[in-house]
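Take the model below one level at a time.

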Amino acid sequence: MKGKITREHIVESADRLFYQRGYEHTSFSDIADSVKITKGNFYYHFKSKDEILSAVIQLRLENTRNMLVQWEGEGERPEDRIKSFIHILIANQADIKMYGCPVGTLCTELAKLNHASQAEANELFSLFRTWLSRQFALLGRERDADELAMHLLARSQGVATLAQAFRDEKFIKREVEQMYDWLSLNGERRAGCTHETGGDT
């Protein structure tokens with residue numbers, strides 16, 4: 001049991017350090033020091049930094065899946081669930097202003113390094129893409145659900161990048177409100193099309 005707890009602590013610590021410092025600039029010693037264990041104990045759980053990276057990505061995937069399930073339970077309508085995704089920018093704005101988006105920064109760094117785990121990390125974006133596409137389909141936008149999902153992903157990534165660059169909290173709030181308006185507009189547009197179709201039949 002103690003070994004399992006130690007392994008979990010290592011992964012959680014590595015997750016935080018990879019986000020704050022970047023994967024390349026985080027060493028074994030950095031992680032071992034943060035968990036306060038000897039290097040021998042550390043190597044008992046992980047033989048390489050790549051092994052830790054894989055465990056960190058799996059942790060993030062698990063946490064993301066759990067978060068999406070939570071949003072499903074909390075949001076009665078597709079609009080409410082999509083708003084939960086947009087609201088991440090507000091809920092995590094302190095970290096985003098300091099370090100950017102945890103998904104975007106990791107995927108970008110691994111792409112620059114041409115790292116073998118790049119595809120694995122990209123699954124995080126795929127989870128959001130698939131989930132958002134399903135919500136837009138439920139909203140009545142089956143034909144362009146994936147396009148809308150990718151647009152929202154791209155915009156949220158852009159906001160996170162500029163928020164980190166300028167450390168501007170008002171900018172984040174303004175962009176979030178505009179994304180809410182965009183979401184409402186797309187919902188109304190579909191409702192209008194449905195109404196018109198009904199009138200033709």
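A residue is called buried when its relative accessible area is under 20%, exposed when that area is over 50%, and partly exposed in between. Tyr 23 has a relative accessible area of 6%, so Tyr 23 is buried. Keep in mind that the model is a predicted one.

Now the whole chain. The protein chain holds 10 helices and 0 strands. Its pattern along the sequence reads α-α-α-α-α-α-α-α-α-α. The C-alpha trace spans about 75 × 35 × 30 Å along its principal axes. Of the 201 residues, 43% are buried. Consider the contacts between residues at least 6 apart in sequence: 68% of them join residues at least 24 apart.

Go back to Tyr 23. Where does Tyr 23 have its place? Tyr 23 lies in the loop between helix 1 (2-21) and helix 2 (28-35). Leaving aside residues up to four places away in sequence, Tyr 23 touches Phe 18, Lys 49, Asp 50, Leu 53, Glu 109, Leu 110, Leu 113 and His 115. Take Glu 109 from that list. Tyr 23 and Glu 109 are 86 residues apart in sequence, yet their C-alpha atoms are 7.6 Å apart in space.

Asp 15 sits in helix 1. Is Asp 15 buried or exposed? Its relative accessibility is 17%, and the cut-off for buried is under 20%, so Asp 15 counts as buried. Beyond residues up to four places away in sequence, Asp 15 touches Val 56, Leu 59 and Arg 60.

Helix 4 covers residues 49-74, 26 residues in total. From first C-alpha to last it reaches 37 Å, close to the 38 Å expected at 1.5 Å a residue.

Next come the helix pairs. Start with helix 8 (residues 118-138) and helix 9 (residues 145-166). Their axes come within 8 Å and cross at roughly 130°. That angle makes helix 8 oblique to helix 9. The crossing is right-handed. Helix 8 contributes Phe 125, Phe 128, Arg 129, Leu 132, Ser 133, Phe 136 and Ala 137 to the contact. Helix 9 contributes Ala 145, Asp 146, Leu 148, Ala 149, Met 150, Leu 152, Leu 153 and Gln 157. By class, the residues of this contact are 11 nonpolar, 2 polar and 2 charged.

Helix 5 (residues 78-91) also packs with helix 9. The angle is about 15°, with the axes 10 Å apart. Helix 5 is therefore roughly parallel to helix 9. Their crossing is right-handed. On the helix 5 side are Ile 82, Phe 85, Ile 86 and Leu 89. They meet Leu 152, Leu 153, Ser 156, Val 159 and Ala 160 of helix 9. This contact has 8 nonpolar residues, 1 polar and no charged ones.

How do helix 5 and helix 8 pack? The angle is about 150° and the axes are 9 Å apart. The two helices are therefore roughly antiparallel to each other. This crossing is left-handed. Pro 78, Arg 81, Ile 82 and Phe 85 of helix 5 meet Phe 128, Trp 131, Leu 132, Gln 135, Phe 136 and Leu 138 of helix 8. The classes here are 8 nonpolar, 1 polar and 1 charged.

Finish with the backbone. Most residues other than glycine have a negative phi. Asn 114 has a positive phi, near 50°. Asn 114 belongs to the loop between helix 7 (102-113) and helix 8. At 65% relative accessibility, Asn 114 counts as exposed. Arg 167 has a positive phi as well, near 50°. Its place is in the loop between helix 9 and helix 10 (169-200). Arg 167 has a relative accessible area of 47%, so Arg 167 is partly exposed.

Terms used. Residues are numbered from 1 along each chain as its sequence is written. This is a predicted model: local features need pLDDT of at least 70, side-chain atom pairs count only at pLDDT 80 or more; totals for chains, interfaces and linings use all residues. Side-chain values use heavy atoms; hydrogens and water are left out. Axes are lines fitted to C-alpha atoms, for helices over the stretch in contact, and angles run from 0 to 180 degrees between N-to-C directions. Helices (H or I, at least four residues) and strands (E, at least two) are DSSP runs, numbered from the N terminus. Angles under 35 degrees count as roughly parallel, over 145 as roughly antiparallel, 65 to 115 as roughly perpendicular and the rest as oblique. A crossing is left-handed if the near helix is turned anticlockwise from the far one by less than a right angle, and right-handed if clockwise. Contact means heavy atoms within 4.5 Å. Ala, Val, Leu, Ile, Met, Phe, Trp, Tyr, Cys and Pro count as nonpolar, Asp, Glu, Lys and Arg as charged, and the others, Gly among them, as polar. The expected span of a helix is 1.5 Å times one less than its number of residues. Buried means under 20% relative accessible area, exposed over 50%, partly exposed in between (1.4 Å probe, protein chains only).
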